[in-house]
Amino acid sequence: MLVAADKFKGSLTAVEVAERVTAGLRRVLPDLEVEALPVADGGDGTVAAAVAAGFERREVRVAGPLGDEVTAAFALREGTAVVEMAEASGLQRLPAGVFAPLAASTYGSGELLRAALDEGARTIVFGVGGSATTDGGAGMLSALGARFLDADGEPVPPGGGGLAGLATADLSRLDPRLAEIELVLASDVDNPLTGPKGAPAVYGPQKGASPDDVAALDAALAHFAQVLQGPAGSKAAEYAASPGAGAAGGIGYGALLLGARFRPGIEVMLDVLGFASALERADLVITGEGSLDEQTLHGKAPAGVAAAARAADKDVVAVCGRLALPPQTLGHAGIRRAYPLTDAEPDVDKCIAEAGPILERVAERIARDFLT
């Protein structure tokens, strides 16, 4: 039995999901062998998943999205680092109820990458998602040595809004170690940097951006990419249109400029976490996340787990807080059956508040349905 589920956002971490599912299964079958492999798709929870798989947690003080110092973590094992941009620049780093769509910066994410380099990482998996920022990765690049100046030769203000005043960009002082490592951009979205499907238009409103803010950020990021044609040449425009450039407020664009290779986040994390070998040992796989819906099918962790398991001819069932996919769609995704918490407890508020105990009850049902 392999439990490879993502977090139930706002209720349970991926580690807690695995613990609760295991407890429920063993209530029915006390001697059941259960292997837990919490998973993530590159967004928040990615470092925790790596640590649960045996990576060492490292902590460092970096700048949060508004410049205040925060303690952020990355994971390290045998020369491979897993860095999660949300640890430094995520929405959870903003004060409750505060948004800063024009001013939030990814500088701290660059400091996290630099810390991984300082620890000797030769491969860095850079998981991006859950950001508070829409700065195209300018803050991250600045932390790694780039300079972005206005017409007076002064650094532009932090955040995507400040890029409107950008006059010159200098990438010549970027940390030379970046050219010697493998940098993997791990994301569950493939948006370009700007335009109707770009970072400001699609994700800006989630970060508090008004329609006017979205327009200003889109124009600023387009200007950013245009100015970067000076030091980066035609690649500046090519990367701006590339899949993943718009991930996490455009930090994907900055990562591509650093030479990153874009891969779907769940595929990268399954490789890093050793999913293939765990799958070989399993007869049944339990995956899941807080909401199984249309977004799940587009690069989210359960879809990636199910696809890999189906390729290995292993059965998959899913647990979730909320189910918004019909059985036929689940079947096409490789999931035999889904078990939402709302089947066991119709009160949604109670499902959120008491997700752990309810999930144990759901796992008991799975054991009876599939294992006895």
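## A buried lysine

A polar contact is a pair of N or O atoms within 3.5 Å. In this predicted model, the side chain of Lys-207 has a polar atom 2.8 Å from the backbone oxygen of Thr-133. The Lys-207 side chain also makes a polar contact, at 2.8 Å, with the side chain of Ser-131.

Lys-207 belongs to the loop that lies between helix H6 (199-203) and helix H7 (211-227). The residue is buried but has no salt bridge; Asp-135, the nearest side chain of opposite charge, is 8.5 Å away. Leaving aside residues up to four places away in sequence, Lys-207 touches several residues, among them Leu-91, Phe-99, Pro-101, Ala-248 and Gly-249.

Strand S3 (residues 56-63) and strand S4 (residues 69-77) run antiparallel and are joined by eight bridges. Within this pairing, Val-62 stands opposite Val-70 of S4. The hairpin of S3 and S4 has five residues between the strands, and Gly-67 takes a positive phi near 95 degrees there.

S4 is also joined to strand S5 (residues 80-84), by four bridges in an antiparallel arrangement. Leu-76 has Ala-81 in S5 as its bridge partner. Two residues lie between the strands in the hairpin of S4 and S5, where Glu-78 takes a positive phi near 50 degrees.

## Helix H11

Helix H11 (residues 265-273) is largely enclosed by the rest of the structure, because seven of its nine residues are buried. The buried residues include Ile-266, Val-268, Met-269 and Leu-270. Just after H11, Gly-274 takes a positive phi of about 80 degrees.

Methods. Residues numbered from 1 in each chain as written. Predicted model: local features only at pLDDT ≥ 70, side-chain atom pairs only at ≥ 80, totals over all residues. Heavy atoms only, no water. Buried < 20%, exposed > 50% of the residue type's maximum accessible area, 1.4 Å probe, protein only. Lys, Arg positive; Asp, Glu negative; His and termini not counted. Salt bridge = Lys/Arg side-chain N within 4 Å of Asp/Glu carboxyl O. Polar contact = N/O pair within 3.5 Å; in protein donor to acceptor, adjacent residues only side chain to side chain. Contact = heavy atoms within 4.5 Å. Pairing = 2+ DSSP bridges.
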